[in-house]
Amino acid sequence: MAKKPKGSLPSKQDILRFIADNPGNVGKREIAKAFKIGPADRVALKALLREMKREGEVTPAQGQRVTPKGMLPEFCLADIVRLTRDGDLVAKPVEWTGEGDPPQIDLSIGATRGRELGAVGVGDRVLAKIRQAGSHRYQGRVVRVLESREQPVLGLLYATDDGSFMLQPTDRKIRHEYVVAADHTGNAKAGQLVVAEPLAGRRFGQRPARVIEVVGDAADPRALSLIAIHTHGIPTAFSAEAEMEAAKAKAVTAKDREDLRKVPLITIDPEDARDHDDAVFAEPDDDPNNPGGWHAIVAIADVAHYVRPNSALDREARTRGNSTYFPDRVVPMLPETLSADLCSLMDGKDRAALAVHLWFDADGNKRRHRFCRAIIRVAAGLHYAQVQQAIDGHPDDASDRWLEGVLKPLYACHAALNKARAARQPLSITSAERRVMIGSDGGIAAIRPREHLLAHQVIEDYMIAANVAAAEELEKHRQPCMYRVHEPPSPDKVDSTRRFLETLDLRLAKGQVLRPQHFNRVLEMVKGSEHERLVNTVVLRTQMQAYYSAKNQGHFGLNLSRYAHFTSPIRRYSDVLVHRGLVSALGLGNDGLTDPDRAAFDNIAEHISFTERRSMLAERDAMDRFVAAFMAEHVGADFSAHITSVNRFGLFVELDETGADGFVPMSSLGDDFYQHDEARHALVGRRTNKRYRLGDAVAVRLMEATPVTGGLRFDLLSREGTPLGGSRSGTRGAPGRGGKPNFKKPKQGRPSHIKNTRNPKKR
């Protein structure tokens with residue numbers, strides 16, 4: 001019998017739709033039956049499926065497709081790469097034929113499909129039905145899990161009462177524990193942090209794993225940073241070659257450098273600063289053509305002098321991309337011989353600097369600038385609070401000496417810069433920050449709100465002026481520039497924010513190019529009101545994440561047309577590249593940009609943007625664990641808090657006093673059934689119409705604190721001071737597990753921080 005023409009077969013897209021709509025096993029037989037394909041066409045169908053499999057469009061009993069270049073199809077094969085704080089999945093397509101990075105796919109699991117799919121997590125490969133939701137973003141839902149890819153797991157090993165071992169993952173997104181057979185523990189002991197490899201085992205019940213590496217002792221508070229370092233792959237050890245290069249480095253002389261050692265430059269940093277990149281000085285401009293104007297100097301550590309292109313130090317710095325800061329330590333981008341000594345601008349020491357002279361008029365507008373390689377000797381190393389107290393009339397012995405000749409001129413020049421800042425109108429979002437005080441035992445002694453002083457703004461504005469000058473100078477000389485880019489918020493996010501603000505009778509400009517001042521007007525309208533915190537949070541989440549790029553896209557938040565990072569080369573590789581560009585542009589030495597550097601700018605930008613995000617996640621994770629350890633002593637206590645995030649699983653809250661944040665599971669909200677109103681950032685009771693909205697003030701009780709995961713779990717309190725959920729207070733809930741923790745090494749049995757989860761009074 002003659003074969004039917006190929007056009008009579010279902011299309012690839014038809015096959016993928018059928019696979020997506022039928023969650024059971026789908027094979028050639030089911031497809032043939034669904035599309036009424038007779039025996040004569042089975043060979044052609046088999047060839048079509050074989051072609052789809054060969055091209056990565058289907059796996060056995062699963063489906064995927066190919067698409068026009070630069071576009072993703074309706075059904076897409078994607079890998080889950082991360083989970084957002086709101087519990088949503090973020091994926092990347094397995095194949096991407098367009099230019100640049102693959103687009104982001106925001107995925108959800110449909111209510112009816114969720115039960116069939118089971119848990120979907122990071123590392124899974126899925127079939128998703130998607131639609132375009134922006135210029136480089138898609139939205140959709142998971143219709144099928146194709147392949148689960150379990151990665152090695154970092155966790156706490158503990159012994160059970162029957163002599164076996166269990167592994168509690170440090171990642172709070174992993175909701176299950178692993179059983180570790182006695183012959184699979186290696187050299188690990190109960191109470192240690194280990195890396196384990198999940199093993200194939202039974203489909204149901206506890207999953208097996210094998211220890212492959214011992215990280216450290218969980219009883220040591222310093223292990224909390226180690227967890228974050230290990231989880232996020234932060235490099236810690238320098239190569240012997242890089243250490244040797246750093247050890248051979250020597251202090252510079254004044255030869256071929258502008259001698260600024262007699263200028264009383266000072267550093268102003270946090271009290272616990274581990275390195276000092278920048279020093280500042282200001283004085284009235286003596287130019288009669290600039291009445292009321294100012295001359296300022298911003299001197300930056302000349303890291304490029306020590307970190308030469310293609311050296312071992314350069315390769316190490318590029319790999320790290322930046323330093324990573326934890327409550328109890330720093331993982332530096334450069335060996336401490338440089339980062340904490342030769343490159344650090346310490347008072348009384350001759351140091352190499354790349355300096356910029358800046359001239360401003362009386363209104364803070366920059367008239368001109370000039371870069372130079374210099375040798376400096378910092379006159380004083382002060383901290384923010386110390387400087388502010390001196391300006392406010394309460395100097396100490398260290399600051400009093402420099403009050404009249406240095407500090408007051410710095411503030412007077414800044415008063416002019418502040419005029420220019422006000423005219424420029426950068427985005428003015430207020431957010432609370434917390435400062436962690438580390439005790440002698442390595443744990444947290446206290447958590448306090450971080451002060452926002454005028455001294456912080458003074459230094460920030462000098463650094464911004466220097467960064468802008470660097471970008472302008474590189475453009476002027478047609479040199480590559482590593483721009484710091486902050487794009488305007490996406491239209492989708494703006495529309496969502498606009499709809500939300502309308503529920504508060506607030507209006508965000510529409511039908512025109514959106515500028516920071518449009519957001520500022522809204523923020524000003526709610527200043528001092530009950531909605532101030534809420535609106536600031538929503539506006540902040542509307543913004544895009546900043547990144548590095550060889551192409552200038554401007555900086556929306558600062559309202560600047562060009563911007564680069566120049567002022568922190570000890571801790572950011574981007575700044576080292578900007579320094580090298582200036583050296584090449586101005587003929588300041590033979591250690592400027594190389595041709596390989598120039599050719600690799602796009603790739604370097606992508607890499608250091610990644611390392612920056614990696615460090616941010618690691619720092620946040622470590623902070624969460626330190627805070628959970630600190631809060632463990634307060635399990636059962638009540639706190640005032642406010643809601644910082646709302647999702648379909650429950651609420652995230654932040655404590656007003658310490659800034660500690662944790663989760664309130666939906667199950668603890670009482671007897672009503674709550675629905676997630678995404679547009680209003682609220683959970684709404686179906687029966688009572690009770691609403692819990694982003695920014696609402698609430699009273700909560702701490703029910704669980706788990707340092708190993710950084711999880712805090714709270715219950716909301718009723719007016720009578722009892723949990724709304726009644727006796728459910730001891731049940732497990734994402735993201736934290738367990739009860740009162742401590743750092744004592746468990747002898748046997750479940751760790752003390754997950755004992756008695758159903759009776760908090762016994763913890």
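The structure holds 0 disulfides, a disulfide being a pair of cysteine sulfur atoms within 2.5 Å. Cys76 is buried, with a relative accessible area of 0%, and Cys413 counts as buried too, at 1% relative accessibility; buried stands for under 20% relative accessible area, exposed for over 50% and partly exposed for values in between (1.4 Å probe, protein chains only).

This is a predicted model, in which local features need pLDDT of at least 70 and side-chain atom pairs count only at pLDDT 80 or more, while totals for chains, interfaces and linings use all residues. Residues are numbered from 1 along each chain as its sequence is written, and side-chain values use heavy atoms, with hydrogens and water left out.

We turn to the sheet. Helices (H or I, at least four residues) and strands (E, at least two) are DSSP runs numbered from the N terminus, and two strands pair if DSSP finds at least two bridges between them. Strands β6 (residues 153–159) and β7 (residues 165–169) pair in the antiparallel sense over 5 bridges, and Leu156 stands opposite Gln168 in β7. Contact means heavy atoms within 4.5 Å; axes are lines fitted to C-alpha atoms, for helices over the stretch in contact, and angles run from 0 to 180 degrees between N-to-C directions.

In helix α10 (residues 384–391), Tyr384, Gln386, Val387, Gln388 and Ala390 are buried. These residues pack against β12 (266–269), β19 (380–383), α11 (397–400), α12 (403–424) and α13 (454–476). Just after α10, Gly393 takes a positive phi of about 100°. In helix α16 (residues 532–542), the buried residues are Leu534, Val535, Asn536, Val538, Val539 and Thr542, and their packing partners are α14 (491–502), α15 (516–525) and β29 (691–693).

Finally, the axes of helix α17 (residues 573–586) and helix α19 (residues 601–631) come within 10 Å and cross at roughly 150°. The two helices are therefore roughly antiparallel to each other (angles under 35 degrees count as roughly parallel, over 145 as roughly antiparallel, 65 to 115 as roughly perpendicular and the rest as oblique). Tyr573, Ser574 and Leu577 in α17 meet Phe601, Ile604 and Ile608 in α19.
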